Amino acid sequence: MKLYGFWRSLATFRVRTALALKGMEAEQVSIDILQGKQFTEEYKALNPQSLVPALVVDGGPPLFQSMAIMEYLEETQPQPPLLPKDARGRARVRGLSQIAVSDGHPLIVPRIRAFLEKEMKLDEAARNKWLAHWTTKALEAIEAHLASERETGRFCHGDAPTIADICLVPQMANARRLEFDFAPYPTLLRIEAACAALPAFADAAPARQPDAEK
Ligand SMILES: N[C@@H](CCC(=O)N[C@@H](CS)C(=O)NCC(=O)O)C(=O)O
């Protein structure tokens, strides 16, 4: 397998973690999205959306979109499971995941930041306010679910990591970069620490990747 990604990319972080939890290995190919390498014709031939990650399995057409890739891994290598057995549990895990993946993350990616700066002429302070606002909204919602629902365990759903944890941890990493005050998120902090104690999460962390800024 070949994983096209970038050390700082939250979506790539998700796929790296899922692969590691499943005990699967992939060669990593770095696409520097801060240098615009996602827009090269060569990369667009792999992923026409010019986004990372993309995962090539057995020389087939690249898989794209981190949630779709994680669901593919789950279906093709069910152990250890990253989704609960019951339909309601799976809906909860997917719902928690999508707060991060579909509602929080898309508003803070490089293409949005660039648009705010170049097209909307926002200065750095205003842009950072935008990033912090949408990150807060996602974290607040996930905290509210996790703190009040009885399915929450050592991890987001029960006592083993699921795709919800895989999506939460990069969102927290991003909030750390924005120097968030984490006092309002005690449950997220507790679960983030439980994840960090697992080698799969620790090894997938952005700073541990070979292409990370030193
Ligand atoms: N929904 C996509 C998001 C992919 C995405 O936005 N990736 C970011 C890095 S985390 C990217 O490639 N950004 C390049 C850009 O914004 O130009 C997924 O989950 O795979």
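A polar contact here is a pair of N or O atoms within 3.5 Å. I kept that cut-off beside me while going through this predicted model.

Entry 1: I started with Gln38, where an N or O atom of the side chain is 2.8 Å from an oxygen atom of the ligand. Next I looked at the backbone: a polar atom of Val52 is 2.8 Å from a ligand nitrogen, and a backbone N or O atom of Arg111 is 2.8 Å from a ligand oxygen. How much of the ligand's accessible area does the protein cover? I noted 93% of the 510 Å² that the ligand has on its own.

**Entry 2: the shell.** I found 16 residues around the ligand, with Gln38, Val52, Gln65, Ser66 and Arg111 coming nearest. Nine are nonpolar, five polar and two charged. Helix α1 gives the most to this shell, with three residues.

**Entry 3: the space itself.** Which space does the ligand take? I found that it is the largest pocket, with a volume of about 740 Å³. Of its 37 lining residues, Leu51, His105, Val109, Pro110 and Arg111 are the closest to the centre. By class I wrote down 17 nonpolar, twelve polar and eight charged residues.

**Entry 4: the second largest pocket.** I noted about 250 Å³ of space here. Of the 15 lining residues, Pro81, Leu82, Leu83, Pro84 and Lys85 are the closest to its centre. Helices α3 and α4 each give two or more residues to the lining.

Key:
Residues numbered from 1 in each chain as written. Predicted model: local features only at pLDDT ≥ 70, side-chain atom pairs only at ≥ 80, totals over all residues. Heavy atoms only, no water. 1 Å grid on protein atoms, 1.4 Å probe; cavity = no way out; pocket = protein on both sides within 12 Å on 5 of 7 lines; lining within 4 Å. Points joined across faces, edges and corners; volume = space filled by probe spheres on them. Nonpolar A, V, L, I, M, F, W, Y, C, P; charged D, E, K, R; others polar. Helix = DSSP H or I, 4+ residues; strand = E, 2+ residues; numbered from the N terminus. Near = heavy atom within 4 Å. Polar contact = N/O pair within 3.5 Å; in protein donor to acceptor, adjacent residues only side chain to side chain. Areas by Shrake-Rupley, 256 points an atom, 1.4 Å probe, with all protein chains shown as cover. Sits in = over half its atoms within 2 Å of the grid points.
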